[in-house]
Amino acid sequence: MSDFETCRAAVRAAAERDDASAVHEALASAPELSWTVELLRPLPEYLRLRVRLRADEAYGRAETEQQRAAALYLRVSESPELAALGPRELEDVVRTAVARKAAAAACKRAIGRMQLPWVLLDGLPDDARHRLLRHCVERYRDAETPEQRDQAVVLHAMASAGRPDDLMAADRHRLLAGWAGKVQYTLESYDAAWVELASGREIPSALGAEMRRAYHDSQPLRTTASREVVGLLAERHPVLNAGERWSDHALAELAGLPAAWADVLRHAATLTSVRPSAPWTRTARTLLAEVDAERFLERVADWLALLGGPPTLPRERVFPYDPYNYEVARGLVWTLSFLPGHARAPRALGAVLERALRRMPGVGPGMPKLANACATALCTMEGEAALAELARLTTRVTYKATLKILQAGLDARARDLGLGREEIEELAVPSFGLSPEDGRRVVRFGNEATDATEATAELLTEDGTAVLRWRNAAGKQVTSVPAAVRRDHARRLKELRAEVKEINATLGAVARRLERVLLTRRSWPAQVWRERYLEHPLAGTVARRLLWTLDGTACRYTDGALRDLAGEPVTGQGTVRLWHPVGRTVEEVMAWRRRLEDERVTQPFKQAHREVYLLTDAERRTATYSNRFAGHILGQHRFRSLAAQRGWHDAELRICHHDTSYPPAVRELPEWGLRAEYWVRGEGESGSAPTTDSGAYALLATDQVRFYPIDAPGNTIDSEGRQGFCMPGPREVDPVPLEEIPARVLSEVLRDVDLFVGVASVAGDPTWQDGGPGGHYARYWSSVGFGELSETARTRHDLLARLLPRLAIGDRCHVEGRFLHVKGALHTYRIHLGSGNVLRDPGDRYLCVLAKSEPSSSAQVYLPFDGDWTLSVILSKALMLADDTRITDPVLLEQLRG
C-alpha cells in the first residue's frame, strides 16, 4: 500500500467486516509507523485488543525493520505500560518512529497516558534527535497537567544524551530533588543527572552517593546514562561515599594526603569483576608506584579494619553496607596484594576476610564477595607470609564458597612444591622470629640518636597464649606499657600488638588442624615430626601439651624429653602418631588424665579427657543407624554454625515452604571411604512453625545418625517431612552397618553430634523455661535440661569430682548424680552438668542465670583442656552462687528473695 488513503481504506473495510486478522495485516504492512499509529487510534477497543493478540505471531514472521517495529507497536498499543517490553524492543519502536519523521507520534505516546521509561536514544541520528527535542519543548509548553510537563522534561533529558543544555534546568533540579530516596526505581533520574553534569552543573552529593549505590547494587541499574553519570561522579564527587565508619575515616585522612592516593581509590572503584584484568592490574601498579607503599599498606589496612557496623548517615534503603564503597574495598584488596615483600599485607587481607564473613541477622555473611576477593588475592600472592595466612584461614573459615577458594589455593601451592596438602599446611606455620630454644623474642625500644634503651618487650607464649612482658629503661619488670613507648613508638607498638594477635590466631589454627588429625590415619617420621612440631618455635607450644605415640608407645614431652607414664625417656626414629583414647585401656586413660591435672597442663583441645562413644546394645539392634541423639530440638542457626566449625556440610538453610526439600547434615570422611549423615529437619508445620525474619525454620528436629559409602547418592527430605529421608532416583544404596564402622570414626562422629545437641538444644537456654512459642516445648526443656547425662556431661562429672578439692570453693561444692551441688550463704543450688541449668533448694525452684558470652571461670580455675564452653559456664555459676551474698544483679536478686 503506497499511499496513506489506500491503507486507511483497507483498514476501514476490514474493521467493518469485524476481521481482526485483515486489520492487523493492513496495519502491519503500512510503510510508515506513523500511519500505523494514526490508523489504529479510531478502531473500537475490542478490535484493537484482538489486533494486539495477533502481533506476537506477526513479530516472529517480520522480514523488515518496519514490519517488526509495527508489530511491536501493535503488541503494546493496549498494554497498561510500555515497560512490559525490554529496552532493545522499545528502542526499535521509537527509533523507527523518529527516523521516519514520526517524532511527534513517538513523543506523544511517551508523555501521554503510557510511560516510556526504558527508551535508549543514544544511537539516533542528530537530525532525528533534534526533531524529537523540539517536539519535547513544544509538549512542555503546551502541557495541560504537571504530569505531562514532567514527562516532557524526562524525555527531553533522555533524548539529550548527556549533551550540555540549559533548557528546563530548573525543572530537572526539581525532579532530581523529588527522586531522592527513589533512584533505585527511577531510571530517568540518571538521564536528568547526566544532562546537568554534562552542562557543568552539580547535583547534590547525597543524590550522587545514592546513584552510585543503585548502580553497584546486587540488581544494578546499568544503562548508558547511568555509566556516564557514575564516571562523571568519580571525577567531581568524593572518591568514597560518606556514611560508613571506614569511608568517613578514609575521607578525613585523604584530605591531608597527596592526590595520588585518591587516584588509587578511583581506580579501585572501577574493578567490577572477580579477578582484575591485565590492563587494570598494570594501571594499579603504575598508580601504586606514586604512593609510599609502607604508608599505603598501613593506612588502607586501618581503613578496611573498620568495615561493617551501622551507617553513620541515614540511607535511602536498609543496605547492610554501601554497595559502591564495597566495590572500592574490593579494588583496594587487590591493590594490597600487589605490594611485594610486605609480610603484613597477607595478614591484613586475612583480617578483612574474617571481618567480611561476620554474620548479620537474617542475611548470613555480611560481605561474601569481599571475602572471596581477599581469598582469591591471597592465592595469587607469593611468599611464606601468604602461605601461612592461607593455611590459617582454612582452619577458621566455614563459609563454603570462600573456603573452597582457600583450599584450592593451598592445593595449588602443594602441587607446585610437589607436596601433600597436609605437609604444606605444616610447613606454612611461621616462627614470628621466636627463638627455637625457648620460644621467646625480645624487642628493644630505644632512642636511635643516643642508642639508649628506653624499654624492652618480651614476646612469649604462656599456656598456649602469646603475651607481652615489659621492662622499663632500668630493666625492672612493669605491668603496663612504658610511657616512653606509648609516646615515641606508637606505630611499632601497634604493629607488635597486631603480631601478638596474629600469633594467637596461628596457635588456634595449629590446634584445630591437629584436632582434625584425630579422625585420620596421619603419621610422621620421627625426625620430620620433631622439625615441624616439637622443635618448632610456635607449633611446639601446642605439640608439647599433647600426647603422642612413638612406635606405639604413649608419651608426652616433659623435662626436656619425650617420656612415658612412668617418666622414662622414649627414644627412637620410628613413626609418630597423635594419641587417641579409643583402643586404650581405662587405666592408661585415667593415668594420663591424673598426670596432666597434677602437672596443671592445659591441653589445646580435649585429648586425654576426650569422650569415647562405644556401640550400644540398642545400636546393635537397629544395626544401620543410631537413635542416640534423636528427638531433640535445636536452634537452626546455632546448629549450622557448630556443624561448619566441626567440618560438617549442612548444604542449605531450611526455609519453611511447602514445596522444597533438603539434604541432611553430612560429614565426608574420604580417608575411610565413608559419609556420615545426621538427619535433621525443620520443626513445625508449614504456616505455624517458628521462623526467622527471612522465613527460615528457627528450630530443627533431630533424628538418626547413619553412615554410607562416600559415593552413595545423597538423601533428602521434603520441607514438611511427610515421607522422611529417602534417596531420590533409581540408585539406592544401603547404609553401612554400625558394627563395620571403625571405632575411632564412630566415636568422633557421635562426639560431634553430642556437641551439636549439647550446645544448640533449646533445653540449654534458660529463656526457654516457659516452653518457647505456645509452650509446646516445656516438657522437652524440662526433661532434657535436667535429664540423664551424655558422655560429655559424664566427663565433666568425673573431672569436677577430682578438681573440686583443689578449688577455693571446694568445701562448699560436691558432685552427686547429674548435678554439681553448691552451698551458698542464702540457699543451696544444683547445677545440671549437661545443660548448666540451675535449681534452688529446697523445692527444686528453677533459677534463671544467663550465661555470659565469655565465661570468666577460666581465669580463676585451672582446667586441663580448652574448648568446653558449658563447663566454663558451670564453674562460673558455681563461683558466683557459692558467694551469693555478693550478687548485685537485680533480676537474680529478685529470684533469690522469692
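1. Trp781 and Phe786 are both buried, where buried means under 20% relative accessible area, exposed over 50%, and partly exposed in between, using a 1.4 Å probe on protein chains only. Please keep in mind that this is a predicted model, in which local features need pLDDT of at least 70 and side-chain atom pairs count only at pLDDT 80 or more, while totals for chains, interfaces and linings use all residues. Residues are numbered from 1 along each chain as its sequence is written, and side-chain values use heavy atoms, with hydrogens and water left out.

2. Now to the wider picture. The protein chain holds 36 helices and 23 strands, both taken as DSSP runs numbered from the N terminus (helices: H or I, at least four residues; strands: E, at least two). Of its 898 residues, 52% are buried. Contacts here are heavy atoms within 4.5 Å. Among those between residues at least 6 apart in sequence, 66% join residues at least 24 apart.

3. Aromatic rings deserve a look. The whole structure has 18 aromatic pairs. Tyr533 and Trp548 make up one of them, a tilted pair with 6.2 Å from centre to centre and 45 degrees between the planes. Because Tyr533 belongs to helix α27 (residues 526-534) and Trp548 to strand β8 (residues 547-550), the pair ties together parts 15 residues apart in sequence. Tyr533 is buried at a relative accessible area of 2%, and Trp548 is buried at 1%. For Trp781 and Phe786, the ring centres are 5.8 Å apart and the planes stand at 80 degrees, so this pair is edge-to-face. The cut-offs: rings of Phe, Tyr and Trp (its six-membered ring) pair if their centres lie within 6.5 Å, and planes under 30 degrees apart count as stacked, over 60 as edge-to-face and the rest as tilted.

4. Which residues do ring pairs link into a cluster? They are Trp524, Trp529, Tyr533 and Trp548, so if you are viewing the buried Tyr533, bring its cluster partners into the picture too.

5. Two arginines sit over rings. The charged end of Arg492 lies over the ring of Phe445, 4.5 Å from the ring centre. Arg830 places its charged end over the ring of Phe819, at 4.9 Å from the centre. To count, NZ of Lys or CZ of Arg has to be within 6 Å of the ring centre and within 35 degrees of the ring normal.

6. The sheet β3-β4-β5-β6 is next. Its four strands, in that order, form an open antiparallel sheet. β3 (441-447) and β6 (477-478) each have a single partner strand, so one side of each is left without a neighbour in the sheet. Strands pair if DSSP finds at least two bridges between them. β4 and β5 run antiparallel and are joined by eight bridges, while β5 (residues 465-472) and β6 pair over two bridges.

7. Arg471 is bridged to Gln477 in β6. Two residues separate the strands in the hairpin of β4 and β5, where Asp463 takes a positive phi near 55 degrees. The hairpin of β5 and β6 has four residues between its strands, and Gly475 takes a positive phi near 85 degrees.

8. What lies across β3, β4 (452-462) and β5? Helix α26 (residues 490-517) does, running at about 150 degrees to β5. Axes are lines fitted to C-alpha atoms, for helices over the stretch in contact, with angles from 0 to 180 degrees between N-to-C directions.

9. Another open antiparallel sheet has five strands in the order β7-β11-β8-β9-β10. Its edge strands are β7 (524-525) and β10 (561-563), each pairing on one side only. Three bridges join the antiparallel β9 (residues 553-558) and β10, and Thr558 stands opposite Ala561 in β10.

10. Last, some residues for your own list. Thr795, in helix α34 (residues 791-803), is buried at 8% relative accessibility. Leaving aside residues up to four places away in sequence, Thr795 touches Lys606, His609 and Glu611. If you work with cysteines, note that the structure holds zero disulfides, counted as pairs of cysteine sulfur atoms within 2.5 Å. Cys374 is buried at 0% relative accessibility, and Cys656 is buried with a relative accessible area of 17%.
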